[in-house]
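Q: I'm new to this one and would like to go through it piece by piece. Could you show me the structure before we start?

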Amino acid sequence: MLVELDAPLAPLTTLRLGGPARRLVTAGTDEEVVETVRAADLAGEPLLVIGGGSNLVIGDRGFDGTVLRIATTGFILDGTELELAAGEVWADAVTRSVDAGLAGIEFLAGIPGSAGATPVQNVGAYGQEVAGSITEVVAYDRRADEVVTLTNAECEFSYRHSRFKADPERYVVLRVRFRLADADGRSTPVRYAEVARTLGVEAGERVALRTAYKTVLGLRAGKGMVLDPADHDTWSAGSFFTNPVLTADQYADFLTRLGERTAPAYPAPGGCTKTSAAWLIDQAGFGKGYGAGAATLSTKHTLALTNRGTASTADLLGLAREIRDGVRTTFGVDLVNEPVMIGVTL
Ligand SMILES: Cc1cc2nc3c(=O)[nH]c(=O)nc-3n(C[C@H](O)[C@H](O)[C@H](O)COP(=O)(O)OP(=O)(O)OC[C@H]3O[C@@H](n4cnc5c(N)ncnc54)[C@H](O)[C@@H]3O)c2cc1C
């Protein structure tokens, strides 16, 4: 267990933003994780748990408390059952599962961060979500002061949300268990229209696992969504806003504001309609590359707010507010941030 004082946090985030941690603890075993969390809780010390820092916006003043960086390792494959330690690098785990000929997470290739964070916001992309293959999550329950095992249903997964996100002070994920599928080297059915188009197949068809994997990585790279330290378009937290889910009344109001335009619309649970945050941002006048300062939109994707190298968190949030307000004025839709804000609000 490594303990550092007044430790910079910016290098631990993909945005490379944020001030220092008063105390940074790097834990390499589940026991060290539990011990650190328990000690902080007993002392009434503020605690921030981080994995790969790819979904975090940390304020310029940093974090006045203990930051626990989870660096545990463990990739245990038994038939189609996969158990990952929380600190495992997610993108590497996807590669290894594809190499093992197993389907279920292949469309989640190239997503940065740790395995332990994937249930937190029910990580998803290109028609797949971890909720589709997670069987159990082993977590330290800070309220009960014990290690618990939650079933998939108990995780209460929904679009970019879960029990862990709803109650962020309660659980620290230690291990995530998945049930993958042996589909004779083929993927799960292709669900996402862009992937189907790129592959030249109909939605619902299966393709070779490796083809699915490579196709997704290619699509992601084209949007600046695969980390590359040399490419400032990838100095982001991925999608900065979630796709808005509108109630029937909100959707009716939205349609009247659209005029001649046609916005993407997908059915969502509860009679709601999901539309595209990227489309709204673009149509509200914030095209790719928008912004003149040190924080701008990615030149490849309107949903990614990026640090061009010298930005502060204040710069990034200034841009985020301008975009959120512009979309609200034009379309009457409130964009909600996807990354977790630490010490700052939008
Ligand atoms: C270029 C890029 C592309 C991305 N593409 C996608 C995408 O396609 N789909 C998608 O869903 N996300 C995407 N993301 C967002 C991000 O990669 C995921 O949310 C990822 O799961 C975050 O993992 P992390 O380890 O970096 O979490 P961190 O950023 O370190 O933490 C995020 C949150 O999870 C909590 N947390 C982290 N680990 C644990 C743990 N073990 N127990 C409890 N809480 C924990 C933290 O406290 C924090 O609240 C992208 C990000 C980037 C930078």
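Q: Where does Asn122 lie?
A: Asn122 sits in the loop between α2 and β8, the latter being residues 124-125. Please keep in mind throughout that this is a predicted model.

Q: What is the phi of Asn122 like?
A: The phi of Asn122 is positive, at about 45 degrees, although Asn122 is not a glycine.

Q: And is Asn122 buried or exposed?
A: Asn122 counts as buried, because its relative accessibility is 0%.

Q: What about Asp184, where is that one and what is its phi?
A: Asp184 lies in the loop between β12 (171-179) and α4 (193-199), and although it is not a glycine, it has a positive phi of about 55 degrees. Asp184 is exposed, with a relative accessible area of 69%.

Q: Let's move to α2. Which of its residues are buried?
A: Helix α2 covers residues 90-99, and its buried residues are Trp90, Ala91, Ala93, Val94, Ser97 and Val98. Seen down the axis of α2, these buried residues fall within an arc of 160 degrees, so they line one face of the helix.

Q: What covers the buried residues of α2?
A: The cover includes the strands β6 (75-78), β7 (81-85) and β12, together with helix α5.

Q: How do α2 and α5 cross?
A: The axes of α2 and α5, where α5 is residues 209-222, come within 9 Å and cross at roughly 155 degrees. The two helices are therefore roughly antiparallel to each other, and their crossing is left-handed.

Q: Which residues make that contact?
A: On the α2 side the contact is made by Val94, Thr95, Val98 and Asp99, and on the α5 side by Leu209, Arg210 and Tyr213. Sorted by class, the contact of α2 with α5 has 4 nonpolar, 1 polar and 2 charged residues. Val94 and Val98, which take part in this contact, are also among the buried residues of α2.

Q: How exposed is Asp92, and where is it?
A: Asp92 is in helix α2, and with a relative accessible area of 44% it is partly exposed. Asp92 and Ala115 are 23 residues apart in sequence, and their C-alpha atoms are 9.6 Å apart in space.

Q: What follows α2?
A: Helix α2 is followed by Gly101, whose phi is positive, near 80 degrees.

Q: Changing topic, which residues of α6 are buried?
A: In helix α6, which is residues 248-258, the buried residues are Tyr251, Phe254 and Leu258. These residues cover an arc of only 60 degrees around the axis, which puts them on the same side of α6.

Q: Why would residues with that kind of spacing point the same way?
A: An α-helix has 3.6 residues a turn, so residues three or four places apart point the same way.

Q: What is on the face of α6 turned away from its buried side?
A: That face of α6 carries the exposed residues Asp249 and Thr256.

Q: What do the buried residues of α6 pack against?
A: They pack against the strands β13 (245-246) and β15 (272-274), and also against the helices α7 (277-283) and α8 (313-331).

Q: At what angle do α6 and α8 pack?
A: The angle between α6 and α8 is about 85 degrees, with their axes 9 Å apart. That makes α6 roughly perpendicular to α8. In this contact, Phe254, Arg257 and Leu258 of α6 meet Arg328, Thr329, Thr330 and Phe331 of α8, and the residues divide into 3 nonpolar, 2 polar and 2 charged.

Q: What comes after α6?
A: Helix α6 is followed by Gly259, whose phi is positive, near 60 degrees.

Q: Last one: where is Val138, and what does it touch?
A: Val138 lies in strand β10, residues 134-141, and is buried, with a relative accessible area of 9%. Leaving aside residues up to four places away in sequence, Val138 touches Val147, Val148, Thr149, Val172, Val173, Leu174, Arg175 and Arg177. Val138 and Arg177 are 39 residues apart along the chain, while their C-alpha atoms are separated by 8.1 Å.

Note on methods. Residues numbered from 1 in each chain as written. Predicted model: local features only at pLDDT ≥ 70, side-chain atom pairs only at ≥ 80, totals over all residues. Heavy atoms only, no water. Buried < 20%, exposed > 50% of the residue type's maximum accessible area, 1.4 Å probe, protein only. Helix = DSSP H or I, 4+ residues; strand = E, 2+ residues; numbered from the N terminus. Arc of directions from axis to C-beta. Contact = heavy atoms within 4.5 Å. Axes fitted to C-alpha atoms, helices over the stretch in contact; angles between N-to-C directions. Parallel < 35°, antiparallel > 145°, perpendicular 65-115°, else oblique. Left-handed = near helix turned anticlockwise from the far one by under 90°. Nonpolar A, V, L, I, M, F, W, Y, C, P; charged D, E, K, R; others polar.
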